[in-house]
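Please work through the following exercises with the sequence and the model side by side, and try each task yourself before you read its solution.

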Amino acid sequence: MKITCDQSDYLEIACLYRIPIALDWANGKRVEGVPLDTGYNEQRQECLQMELGDGPQWVVLEGALSMTALEENKHFAQVRFG
């Protein structure tokens, strides 16, 4: 799924407020953590840097279906990509 500009704004909000999130993919992959920053890797893939417990890691967002807030907040509950 392609992430639109509007949806990308929610990624930025999650980073700004350090809202714990879960990212889900169609193949069942799920990544949970605290978003820190957005960016691109060397292959120019859109990524989200997340604190995953064992330090910050870049997570490739390609194919992600949704982002779900793991804590209640006033900005979003779930964002579906695509």
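**Exercise 1.** Does Asp24 count as buried or exposed?

*Solution.* Keep in mind from the start that the model is a predicted one. The first step is to locate the residue, and Asp24 has its place in strand S1. The second step is to compare its relative accessibility with the cut-off: buried means under 20%, and Asp24, at 16%, therefore counts as buried. The third step is to look at what surrounds the residue. Its side chain is joined to that of Arg30 by a polar contact of 2.9 Å, and, once neighbours within four places in sequence are set aside, Asp24 is in contact with Lys29, Arg30, Ala64, Leu65, Ser66 and Thr68.

**Exercise 2.** Describe how the residues of strand S1 point, and find the strands with which S1 pairs.

*Solution.* Begin with the general rule that side chains in a regular strand alternate between the two faces of the sheet. In S1, Ile21, Leu23 and Trp25 point one way, while Ala22 and Asp24 point the other way. Five of the five residues of S1 are buried. Next, follow the pairing: S1 and S2 run antiparallel over four bridges, with Glu32 in S2 as the bridge partner of Ala22. These two strands form a hairpin with four residues between them, and Gly28 in the turn has a positive phi of about 95°. S1 also pairs with S5 in the antiparallel sense, over five bridges, and here Trp25 stands opposite Ala64.

**Exercise 3.** Work out the order of the strands in the sheet, and explain why one side of S4 and of S6 is left without a neighbour there.

*Solution.* The sheet is open and is formed by six strands in the order S4-S3-S2-S1-S5-S6, with antiparallel pairing. Strands S4 (56–60) and S6 (78–80) stand at the edges and have a single partner strand each, so one side of each has no neighbour in the sheet. On average, and ignoring direction, neighbouring strands are turned by 40° against each other.

**Exercise 4.** Which residues touch the most other members of the largest nonpolar core?

*Solution.* As a general background, nonpolar side chains tend to be buried together in soluble globular proteins. The largest nonpolar core here has 19 residues, and those that touch the most other members are Ile21, Leu23, Leu48, Met67, Phe76 and Phe81. At least two residues of this core come from each of H1, S1, S3 and S5. To see one member in detail, take Leu48, whose contacts beyond four places in sequence include Leu11, Cys15, Ile21, Leu23, Trp58 and Val59.

**Exercise 5.** How many disulfides does a search of the whole structure find?

*Solution.* The search finds zero disulfides. For Cys5, the nearest cysteine sulfur belongs to Cys15 and is 16 Å away; at 66% relative accessibility, Cys5 counts as exposed. For Cys15, the closest cysteine sulfur is that of Cys47, at 12 Å, which is too far for a bond; at 4% relative accessibility, Cys15 counts as buried.

How values were computed:
Residues are numbered from 1 along each chain as its sequence is written. This is a predicted model: local features need pLDDT of at least 70, side-chain atom pairs count only at pLDDT 80 or more; totals for chains, interfaces and linings use all residues. Side-chain values use heavy atoms; hydrogens and water are left out. Two strands pair if DSSP finds at least two bridges between them. Axes are lines fitted to C-alpha atoms, for helices over the stretch in contact, and angles run from 0 to 180 degrees between N-to-C directions. A disulfide is a pair of cysteine sulfur atoms within 2.5 Å. Buried means under 20% relative accessible area, exposed over 50%, partly exposed in between (1.4 Å probe, protein chains only). A nonpolar core is a set of buried Ala, Val, Leu, Ile, Met, Phe, Trp, Tyr and Cys residues joined through side-chain atoms within 4.5 Å. Contact means heavy atoms within 4.5 Å. A polar contact is a pair of N or O atoms within 3.5 Å; within protein, one must be able to donate a hydrogen and the other to accept it, and residues adjacent in sequence count only if both atoms are side-chain atoms.
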